[in-house]
Protein chains: 2
Amino acid sequence: MSYFDAASAAPLHPVARQALLASLDEGWADPSRLYREGRRARMLLDAAREATAEAVGCRPDELTFTSSGTRAVHTGIAGASAGRRRIGRHLIVSAVEHSSVLHSAEAFEAAGGAVTRAPVTRTGAVCVESYVDALRSDTALACLQSANHEVGTEQPVAAVAEACREAGTPLLVDAAQSLAWGAVEGPWSLLTGSAHKWGGPSGVGLLAVRKGVRFAPQGPVDERESGRAAGFENLPAIVAAAASLRAVRAEAAAEAARLRDLTARIRARVADVVPDVEVVGDPHRRLPGIVTFSCLYVDGEALLHELDRAGFSVSSGSSCTSSTLTPSHVLRAMGVLSEGNVRVSLPWGAAEEDVERFLAVLPEAVAGVRDKLGAPGSPATPTAADARGTGLVVDALGRRCPIPVIELAKVIGDVPVGGTVRVLSDDEAARLDIPAWCEMRGQEYLGEEPADRGAVYAVRRTS
Amino acid sequence: MSYFDAASAAPLHPVARQALLASLDEGWADPSRLYREGRRARMLLDAAREATAEAVGCRPDELTFTSSGTRAVHTGIAGASAGRRRIGRHLIVSAVEHSSVLHSAEAFEAAGGAVTRAPVTRTGAVCVESYVDALRSDTALACLQSANHEVGTEQPVAAVAEACREAGTPLLVDAAQSLAWGAVEGPWSLLTGSAHKWGGPSGVGLLAVRKGVRFAPQGPVDERESGRAAGFENLPAIVAAAASLRAVRAEAAAEAARLRDLTARIRARVADVVPDVEVVGDPHRRLPGIVTFSCLYVDGEALLHELDRAGFSVSSGSSCTSSTLTPSHVLRAMGVLSEGNVRVSLPWGAAEEDVERFLAVLPEAVAGVRDKLGAPGSPATPTAADARGTGLVVDALGRRCPIPVIELAKVIGDVPVGGTVRVLSDDEAARLDIPAWCEMRGQEYLGEEPADRGAVYAVRRTS
C-alpha cells in the first residue's frame, strides 16, 4: 500500500510516537494541580508550548492548544470577530479556504454579519490587490490560508498581512497545510494549525493570537488555555505534537526538495501517460507534496476505488466534503475541471519507486473507469457536417458527472464546425465541467440558460 | 508517591495504553475516506462507538465523541436548550454541578435565559421534590450530575429523570464521575462523560443524545460526529477510551467494594486521628473512591503542600477552581466547613497500606499547618466571664481563611457564657466557616450584618 493522502492526515511521526509514550507515563495528571504529578504535567505543557511557539514564530503566552485545527479556526474566527464587534460586522475569507473557515463564515452571516469571499485565479491563489480591495472600515477580520489543501497553491500571505496591518485589520492565517514546512511570514495577527497534518497525533490543534489583538472568547468560560480552549488539556498528545513539529522542521528543507521533485515528476508526466488530463494549481508557488489533476470522462469516486485496488490511497474533490455530491468548492472557485479529480499528497518519506508505480498504474485505472462509463476513446475528430444543423440537444437530465460531458463529447463529432450543441443537465458539476471541457478541447462555450429542470449549456464547435 | 486525586484525572489504564498503541498504527487515517486506511479507521471508530454505547446504555447513533467532558457538557447544554428555544428559556441545574455545567448556565443567562440553581442538603444531594418543583412549562432543559465530584455524594438521578419525563422536559446527566462504575439509571435524555476519569486518555469526552430529543447544534457546522463535535476524530484516543471503559466495567463491582471499604475507613478514622475535623458528603449514597473532609484552623493549600511533601497527592476545595480564592461552590451550597478541605479520591487499585500510611501522616501534617497559623491547640474551654461583657469584636479584615476562625476560637474563651463576640472579616470563606465552626463547637451563630468592608459575623457563647 502507498498512502498518498498526507494532506488529510499523516501517519504518526516516530518522534511523536516516542514522545506520546513517554508522556502517557509522565503527563496524565492535571497541570493545574499543585502536587508532584500536576507539577510534572505543567512542566511538560510549558515546554511543549515553548517549543511550538518557537516553531510558529510567536510568544508562548500567545499560543493556545485546542482539540483540533477545526476547533482552532472556529474559536479564532469567533473570538477575533467578537473582539472587534464595535468596529463592524464584516469578514473577508478567500473562496478556497478550508471548510472550517467557510463554515465559520456561514455562522457569522447567520448571526447578521456580512462576508466577502475573495475570488482566486485559475491557479487557486488570491490576487493581493483584489483581496486588499475587499478591506473596509467595518472589516472585523480577514482570513487567508497559507496554502491550499486541495491543490497545494501557496497564497500571498505576507503581502496580504502587510496590507491588513496597514489597514489596521487583523489577519487570521489557517496554516494547517504549511506549518510542517516553516513559519508563516508577514505580520499576521492570528494563526491556526493542526498537529495530525505534520505527523503529530490527532486531537491537537493550535491557535496563536498576537498580543494586542482584541479577542473575546465565545461560549461558556473555562479557565484552561487562557479561556480559549475548554476542557482538560490533552497533554500527552500535545507533547507529541510539539516534539514532532520540531522533528519535521529539522528535516523540512531536505524533504521539501525531495518531495517537490517527486510531485514535479507527476505534474510533468501525468498528461503524457493519461490522455485528457488537466493538472491544476500553481506550478511554482505550491506546497512540496501536493499535486492535483482532473481527468475528463472520469467519475472521481470510481477512480479512487480503482486506485485503492491498485494499492494507492488518494483523495478526490474537496478533501473535507467527500460525502457530498457537489464538486469541490476549491475547483469551482478556480474554474477548472472537477470531474475525475485526484489529489496526490505525498507523506514524509514517500518513496520514489512508489511514485513511479503510481504513474505506471494510473493510465490503466483511468482507462478502466472510462471504459465502464462508455467514454469516447480518443479526442473527437471532425466529421462531415450532418443534416441535424444547429439544433442538436443532448438530454442528460438525471445523469451524474461525468456522464453529461461524456455525452457531449460523443456527439460533438456530429456537429458541423460552426454549429451548436446544447446539453441539458441538472448535475451541479456540469456547470464547471462543460466550460472546462470546451477549454481543453478548443471548443467555444456559449454560456448557460435556465431550464425547467437544471440548465442548458450551449457549445459551438469551432474545430 | 501515592496519587489520591483520581477524581481529577486517573492514570492511564493498562488496557487503554495497549489499545492506544495499537490504534496509533491502525487508526491514524481519516475515517471518512474510502481507501483502505480510511476504512480501517472507520471500523475502529464504529467498534469503539458500539462498545461505549453499550456501556452508557444508549444506541450507537445516539453517541458522539467530543474532545473532553467539558466540551460535551458545553455542546450538550447549548444544543439541547437551543433545540427547545420555542418551549422557553428556562434552565435548571443543581447548585453543586461541575464548573462546565455552571459556566454553561452563566452563558445561558448572559444570552437572556433564566436559570434555577436547585439547592442541596447538607450531604450534597438535591431533594427530589424541590428539584422537581423547579420544573416550569418554559423549562428548556434540566441538568443533574450523577454524583458529585468534590464530595462523592450520589444524586437521585433516576427519580429526577422520571419526573422530568413526566413533565416532558429533557434531563442532561453529567455522569463524568460515575461512568466507570456503571450506567446511569432512569430515563435521562442527554448524558455526558469524560474518558480520563475512567482511566482512558485525555482528549475524549462523550455526549449521548437520545433519539427524539430536540437538539440544535450551535456554532459553525461540521460534518463529523453527527455535527455535534467539530474537527477530525481523535481516533486512537477514542479507541483507547472505549477499551478502558469496557475493562473497568468488568472489574467495577469488586473494585467498588474494595474502595468503598477503604474510604469508609478514612471516613470513620479521620475524626479520631485529627481533632476538629468535619467529614462531609453522604455516608451511604456515595461514590466508592471519594472521601472529603475539612479541618478547622487549617489553610487547605498549605495542607496540600504538607501532604505532597509526605508523598500524597490530593486536592482541596473546588476541584476545578483551585486557582481562585473563594471557597468551593459545592461546600458553600452544602453549608459545610470549607477551611482545610481535603478531597481524597482513590484511583483504581489504590493500596490498603497507602491508605493506612495516609491516616498515619495526616495528623502531623494538619498539626504542622495549625502550628504555623497559631491555631488554638485544643478546643476552647470556658473560663470565668471577664469584664469585657458582650462587646468583644475581632478585627480580621485583610486576613484570609482560616485566620478569622482561628481568631474567633482564640477569644471565645474570654467571652462569658451568654455573651456575644463579633468577627469583622472580608474573606469570602468566613461566611461559610464561622457558622460551620459554631455548629462544630456547639456555639450559637447569630447571623451576619454588612460592614463598610466585608461583614460582621455575630456568635453567642452558649457553653
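Predicted model: local features only at pLDDT ≥ 70, side-chain atom pairs only at ≥ 80, totals over all residues.
Colleague: How far apart are the end C-alpha atoms of helix α7 of chain B?
Modeller: Helix α7 of chain B covers residues 235-273, which is 39 residues. A straight helix at 1.5 Å a residue would reach 57 Å. The ends of α7(B) fall short of that, with their C-alpha atoms only 48 Å apart.

Colleague: Where is the kink in α7(B) centred?
Modeller: The span of α7(B) is short of the one a straight helix would have. The helix has a kink of about 60°.

Colleague: Is α1(B) roughly parallel or antiparallel to α7(B)?
Modeller: Helix α1 of chain B, residues 14-26, has an axis that comes within 8 Å of the axis of α7(B). The two axes cross at roughly 150°. Because angles over 145 degrees count as roughly antiparallel, α1(B) is placed relative to α7(B) as roughly antiparallel.

Colleague: How many residues in the contact of α1(B) with α7(B) are nonpolar?
Modeller: On the α1(B) side the contact is made by B:V15, B:A16, B:A19, B:L20, B:S23 and B:L24. From α7(B) come B:P236, B:A237, B:V239, B:A240, B:A243, B:S244 and B:A247. None of these residues is charged and 2 are polar, while the number of nonpolar ones is 11.

Colleague: Are α7(A) and α10(A) roughly parallel or antiparallel?
Modeller: In chain A, helix α7 (residues 235-273) packs against helix α10 (residues 352-373) with the axes 10 Å apart. The angle of packing is about 15°, and the crossing is right-handed. Since angles under 35 degrees count as roughly parallel, the relation of α7(A) to α10(A) is roughly parallel.

Colleague: How many charged residues are in the contact of α7(A) with α10(A)?
Modeller: The α7(A) residues that meet α10(A) are A:L262, A:R265, A:I266, A:R269, A:V270 and A:V273. Their partners in α10(A) are A:E352, A:V355, A:E356, A:L359, A:L362 and A:P363. The contact has 8 nonpolar residues and no polar ones, and its charged residues number 4.

Colleague: Is the crossing of α2(A) and α7(A) left-handed or right-handed?
Modeller: Helix α2 of chain A, residues 36-56, has an axis that comes within 9 Å of that of α7(A), and the two cross at roughly 35°. Among the residues that meet are A:A41, A:L44 and A:L45 in α2(A) and A:L235, A:I238 and A:V239 in α7(A). The contact divides into 11 nonpolar, 1 polar and 2 charged residues. The hand of this crossing is left-handed.

Colleague: Is the peptide bond from A:C401 to A:P402 cis or trans?
Modeller: Most peptide bonds are trans. A:P402 lies in the loop between β13 (392-395) and α11 (403-412) of chain A. With omega near 5°, the bond from A:C401 to A:P402 is cis.

Colleague: What is omega near for the peptide bond from B:C401 to B:P402?
Modeller: In chain B, B:P402 is in the loop between β13 (392-395) and α11 (403-412). The bond from B:C401 to B:P402 is cis, and omega is near 5°.

Colleague: What is the phi of A:E225?
Modeller: Most residues other than glycine have a negative phi. A:E225, in the loop between β8 (205-209) and α7 of chain A, is not a glycine.

Conventions: Residues numbered from 1 in each chain as written. Chains lettered and ligands numbered in written order. Heavy atoms only, no water. Helix = DSSP H or I, 4+ residues; strand = E, 2+ residues; numbered from the N terminus. Expected span 1.5 Å × (residues − 1). Bend = angle between axes of the 7 residues up to and from the residue. Axes fitted to C-alpha atoms, helices over the stretch in contact; angles between N-to-C directions. Parallel < 35°, antiparallel > 145°, perpendicular 65-115°, else oblique. Contact = heavy atoms within 4.5 Å. Nonpolar A, V, L, I, M, F, W, Y, C, P; charged D, E, K, R; others polar. Left-handed = near helix turned anticlockwise from the far one by under 90°.
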